Amino acid sequence: MKLHKMSLIHAEGIITQLLESVIQTSEFPLIAHELEGDAVSFYATSDGSGEMARDISQQMLRLFNAFKIKAAELLSDCSLCLCEACATVDKLKLKAVVHHGEAVFSKVGQFQKVAGVDVIRAHRLLKNSIEEDEYILMTSAFDELTGGFGTLVPHPRQERCEGIGPVDIVVYYPESSITDSLPTKRSIFQKLRMSMKLDFYLVKRLLKSSPKNYRNLQRAA
């Protein structure tokens with residue numbers, strides 16, 4: 001049970017780093033909006049141009065590359081740990097859902113709220129019938145703006161969204177090979193640093209989830 005809990009917390013730390021790599025790679029006009037578990041949502045204020053849509057579609061490819069590179073680094077850096085999460089980093093895949101539509105922007109405290117039927121449609125498309133683990137799903141509304149990916153083959157299909165109905169989409173499968181960009185060798189120093197980072201993250205999460213243990217630790221100190 002202790003090993004299982006450690007694996008879950010290590011998985012949380014690993015996913016956090018992968019999401020950070022995606023966020024740090026994104027550029028304007030994409031704006032990171034909020035984190036939702038193991039997902040991050042972005043929005044961009046559209047000018048309705050194909051040029052802007054194509055810029056965002058090319059960013060999608062760069063985000064996938066950043067994710068793959070970080071996953072390859074983590075697979076090597078986490079090799080000193082034998083837990084399931086660290087041993088299976090390479091099994092994690094990235095999926096993207098991209099839509100063009102209308103949204104309502106409002107301010108709640110210091111947070112920007114993005115809402116509306118099109119926002120709901122994009123969220124509902126996260127649950128789809130696509131069997132592959134890695135893809136870029138574009139609604140027809142966004143795909144028509146881009147004029148297609150060019151290098152990637154389009155796979156048009158239709159998904160049914162709960163409470164919304166059928167939605168025409170186009171699915172693209174990013175190229176799986178980016179070996180020229182992957183790190184060739186990770187040093188023992190990098191592996192030790194990652195091991196210490198995950199251990200620190202583990203202790204911090206355990207203390208946060210166990211205030212009684214933290215108080216006992218303070219009294220013992």
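Where is the place of Pro 29? Select Pro 29 to begin: this residue is in the loop between H1 and E1. Keep in mind that the model on screen is predicted. A cis peptide bond joins Phe 28 and Pro 29, with omega at about 15°. Most peptide bonds are trans.

**The whole chain**

The protein has seven helices and eight strands. Of its 221 residues, 35% count as buried. Take the contacts between residues at least 6 apart in sequence: 68% of these join residues at least 24 apart.

**Gln 17**

Go to helix H1, where Gln 17 is placed. Is Gln 17 buried or exposed? Gln 17 counts as buried because its relative accessibility is 7%, and the cut-off for buried is under 20%. Show what surrounds the residue. Leaving aside neighbours within four places in sequence, Gln 17 is in contact with Lys 70, Leu 74, Met 194, Lys 197 and Leu 198.

**The largest nonpolar core**

Next, select Ile 14, Met 60 and Ile 136. Among the 30 residues of the largest nonpolar core, these three touch the most other members. Colour the elements that each supply at least two residues of this core: H1, H2, H3, E3, E6, E8 and H6. Which of them gives the most? H2 does, with eight residues.

Stay on Met 60 and show its contacts. Not counting residues up to four places away in sequence, Met 60 touches Leu 30, Ala 96, Val 98 and Ile 136. Another core, of eight residues, lies apart from the largest one; select Leu 125, Tyr 135, Ile 169 and Val 171, which are among its members.

**Leu 137**

Move to strand E6 and pick Leu 137. Leu 137 counts as buried because its relative accessibility is 0%. Which residues does Leu 137 touch, not counting those up to four places away in sequence? They are Ala 96, Val 97, Val 98, Leu 125, Asn 128, Ile 130, Ile 169 and Val 170. Draw a distance between the C-alpha atoms of Leu 137 and Val 170: the two are 6.0 Å apart in space, and 33 residues apart in sequence.

**An aromatic pair**

The structure holds two aromatic pairs. For one of them, select Phe 149 and Tyr 172 and show their rings. This pair is edge-to-face, with 4.8 Å centre to centre and 75° between the planes. Phe 149 is in the loop between H5 and E7, whereas Tyr 172 is in strand E8. The pair links distant parts of the chain, 23 residues apart. Both residues are buried.

**The largest pocket**

Rolling a probe the size of a water molecule over the atoms shows where empty space is left. How much space lies in the largest pocket? There is about 1500 Å³. To find the pocket, select Val 40, Ser 41, Phe 42, Val 97 and Val 98, the closest to its centre of the 49 residues that line it.

Then colour the lining by class: 31 residues are nonpolar, nine are polar and nine are charged. The elements that each supply at least two lining residues are helices H1, H2, H4 and H5 and strands E1, E2, E3 and E5. The largest share of the lining, seven residues, comes from H2.

Methods. Residues numbered from 1 in each chain as written. Predicted model: local features only at pLDDT ≥ 70, side-chain atom pairs only at ≥ 80, totals over all residues. Heavy atoms only, no water. 1 Å grid on protein atoms, 1.4 Å probe; cavity = no way out; pocket = protein on both sides within 12 Å on 5 of 7 lines; lining within 4 Å. Points joined across faces, edges and corners; volume = space filled by probe spheres on them. Helix = DSSP H or I, 4+ residues; strand = E, 2+ residues; numbered from the N terminus. Nonpolar A, V, L, I, M, F, W, Y, C, P; charged D, E, K, R; others polar. Phe/Tyr/Trp six-rings, centres within 6.5 Å; stacked < 30°, edge-to-face > 60°. Buried < 20%, exposed > 50% of the residue type's maximum accessible area, 1.4 Å probe, protein only. Core = buried A, V, L, I, M, F, W, Y, C linked by side-chain atoms within 4.5 Å. Contact = heavy atoms within 4.5 Å.
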